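The sequence and structure are shown first, and the description follows.

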Amino acid sequence: TKTGIVALLACICCILWGSAIPVIKTGYRLMQVDSADTASQIVFAGIRFTLAGILVLIFASIKEKKVMLPDRKLLKYAIPVCLAQTVRQYFFFYIGVAHTSGVKGGIITGLGNFIAILMACLLVRNEKMTGRKLAGCILGFAGVVIINMAGGSMDMGFRLTGEGFVLIAQLSYGASTVLINIFSKKVSPVILSGCQFFMGGVLLFIVGILMGGHLDHMSIAGVVLILYLAMVSAVAYTLWSVLLAWNDVSKVAIFGFVNPLCSVILSA
C-alpha cells in the first residue's frame with residue numbers, strides 16, 4: 001500500500017506489457033499471421049491467455065502446497081471478470097485495431113485508465129473524485145495523445161468496427177479494473193486472475209477457430225515467444241490484481257499511463 005512500492009510494482013507491470021507489443025508483432029511475423037487476419041490473431045491470443053492461466057494456477061498451487069482449483073464461489077467472481085477483461089476487451093481490441101490507424105487506436109487505448117478511474121468514482125462510488133485525480137488523468141491522457149500525434153496525422157473519421165470497437169475494449173478494461181478491485185477483497189486475487197485467464201483464453205481460442213483462424217507456421221522460436229507472452233500476462237495481470245486488492249483504483253490505474261511510454265521505448 002506504500003505509494004513508492006505501488007509505483008515500482010505498477011511500473012514493472014507496464015514494462016512487461018510494453019514488451020508484449022513488439023514481441024506480439026515478432027510472433028505474427030514468425031508465424032506468418034497477416035495484420036488483417038483477425039481470426040488467427042484471436043487464436044494466438046487464446047493460446048497465450050490459456051497458458052497464462054495455467055501458469056498462475058501452478059504458481060498458486062506451489063505456494064499453497066496443494067492443487068488450487070476454482071470452486072463455485074470463485075467462479076461467481078471469475079466469470080464476470082473473464083468476460084469483461086480477457087474475452088470482450090481483447091476480442092473487440094484485435095478487430096478494432098485492424099480497422100483504425102495506429103494514432104487513433106493509441107489515443108483511444110489511453111482512455112482506458114481514465115475510464116477505470118471515472119467508473120470507480122462516479123458509477124461504483126467506492127472512492128471520491130478529487131481535483132488531483134482529475135488533473136492526473138488529464139495530464140496522463142495528454143501524454144498519450146502527444147506520443148501518438150508526434151510525427152503522425154489523424155483524421156476525424158469514426159467507424160463502429162474500428163474506433164468504436166477499440167472504445168468498447170477500453171470500456172471493458174475499465175469495468176474489469178473496477179470488478180477486480182471489488183472481487184479481490186472477497187477471494188484470492190491470484191486464483192481469480194488464473195481462473196479468469198484460463199476460461200477467457202479457451203473461449204477466445206474457440207471463437208478464433210470458429211472465425212476461421214489458424215496457426216500453421218509454428219516453430220521453436222514461436223513457442224518460446226508465446227510462452228514469454230503467457231508469462232507476461234501471468235505476472236503483470238496477477239501483480240496488478242494484487243495491487244488493486246489493496247489500493248483504490250485511482251492509485252493503481254493512473255500508472256497505466258506509463259504503458260504507452262514503455263511500448264514506444266521497447267518497440268524502438
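Which residue just after helix 2 takes a positive phi? In this predicted model, Lys 65 does so, with a phi of about 60 degrees. Helix 2 itself covers residues 38–64 and has 27 residues. From the first C-alpha to the last, helix 2 reaches 39 Å, close to the 39 Å expected at 1.5 Å a residue.

**Nonpolar core**

The largest nonpolar core has 66 residues. Those with the most contacts inside this core are Trp 17, Ile 24, Phe 44, Tyr 94, Leu 192 and Trp 240. Two or more residues come from each of helix 1 (3–30), helix 2, helix 3 (72–98), helix 4 (102–123), helix 6 (160–183), helix 7 (189–210), helix 8 (220–246) and helix 9.

Beyond its neighbours within four places in sequence, Trp 240 is in contact with Ala 10, Cys 13, Trp 17, Tyr 173, Val 252, Ala 253, Phe 255 and Gly 256.

Helix 1 also contains Ser 19. Ser 19 counts as buried because its relative accessible area is 11%, under the 20% cut-off. With neighbours within four places in sequence left aside, the contacts of Ser 19 are Tyr 228, Val 232 and Leu 266.

**Cavities**

The structure holds 2 cavities of 30 Å³ or more. Their volumes and lining classes are given below.

| Cavity | Volume | Lining residues by class |
|---|---|---|
| Largest cavity | about 50 Å³ | 5 nonpolar, 4 polar, no charged |
| Second largest cavity | about 40 Å³ | 5 nonpolar, 3 polar, no charged |

Around the largest cavity lie Val 81, Gln 85, Ile 180, Pro 189, Leu 192, Ser 193, Gln 196, Tyr 237 and Ser 241. Helix 7 gives the most to this lining, with 4 residues, while helix 3 and helix 8 each supply at least two.

The second largest cavity is lined by Gln 85, Tyr 173, Ser 176, Thr 177, Ile 180, Tyr 237, Trp 240 and Leu 244. Helix 6 gives the most here, with 4 residues, and helix 8 supplies at least two.

**Second largest pocket**

About 170 Å³ of space lies in the second largest pocket. Its lining consists of Ile 117, Thr 130, Arg 132, Lys 133, Gly 136, Ser 250, Lys 251 and Ile 254. By class, these are 2 nonpolar, 3 polar and 3 charged residues. Helix 5 (131–149) gives the most, with 3 residues, and helix 9 (249–253) supplies at least two.

Methods
Residues numbered from 1 in each chain as written. Predicted model: local features only at pLDDT ≥ 70, side-chain atom pairs only at ≥ 80, totals over all residues. Heavy atoms only, no water. 1 Å grid on protein atoms, 1.4 Å probe; cavity = no way out; pocket = protein on both sides within 12 Å on 5 of 7 lines; lining within 4 Å. Points joined across faces, edges and corners; volume = space filled by probe spheres on them. Nonpolar A, V, L, I, M, F, W, Y, C, P; charged D, E, K, R; others polar. Expected span 1.5 Å × (residues − 1). Core = buried A, V, L, I, M, F, W, Y, C linked by side-chain atoms within 4.5 Å. Buried < 20%, exposed > 50% of the residue type's maximum accessible area, 1.4 Å probe, protein only. Contact = heavy atoms within 4.5 Å.
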